Amino acid sequence: MASDMGTTTPEEQALADEWAAALAEAGDASQDDIDALMNQGAAAPSSPRAPMEEFGSGPKAAGGLVTLDGPNLDVILDIPVSISMEVGNTDITIRNLLQLNQGSVIELDRLAGEPLDVLVNGTLIAHGEVVVVNEKFGIRLTDVISPSERIKKLR
């Protein structure tokens, strides 16, 4: 097999030339030059810095209420989150887990007819009841936890 390691395509040569030009433009900055620039920047800050806030302080809003208004939340409003409904849960031993097969029944900690928990990324945000919507399961929210309580649960 012949190797073409010694030949370069015009595209590769153009890319190499661009890198060479960029490196030549940047110059040879030594560590001393970098330290001098850092010290110069520390002596005269170019822009005022905002005070650092504690992560645990939560969002600040008028009257202590959390709202969806304001520029801070606009950034995160389109982030997808995972929502799930929990019918109930229980603890079993690994021995019993290994004995499960088709038709096995697992008793849960919740009574029949009790509302389901609605979890967003594992955090409880509401309770609801199962409904059928267009031949698919859905959930009707019966009790929604307030935004301020949700934030407290995240801490």
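Visitor: How much of the protein is buried?

Guide: Buried residues make up 9% of the 155 residues. Buried means under 20% relative accessible area, exposed over 50%, partly exposed in between (1.4 Å probe, protein chains only). This is a predicted model: local features need pLDDT of at least 70, side-chain atom pairs count only at pLDDT 80 or more, and totals for chains, interfaces and linings use all residues. Residues are numbered from 1 along each chain as its sequence is written, and side-chain values use heavy atoms, with hydrogens and water left out.

Visitor: What's the secondary structure?

Guide: Five helices and four strands. The pattern along the sequence is α-α-α-β-α-β-β-β-α. Helices (H or I, at least four residues) and strands (E, at least two) are DSSP runs, numbered from the N terminus.

Visitor: Switching to Asp117. Where is it, and what does it touch?

Guide: Asp117 sits in strand E2, residues 116-120. Leaving out residues up to four places away in sequence, Asp117 touches Ser84, Met85, Glu86, Arg110, Leu124, Ala126 and His127. Contact means heavy atoms within 4.5 Å.

Visitor: Is Asp117 buried or exposed?

Guide: Asp117 counts as buried because its relative accessible area is 13%.

Visitor: And Ile106?

Guide: Ile106 lies in the loop between helix H4 (94-99) and E2. Ile106 is classed as partly exposed because its relative accessible area is 41%.
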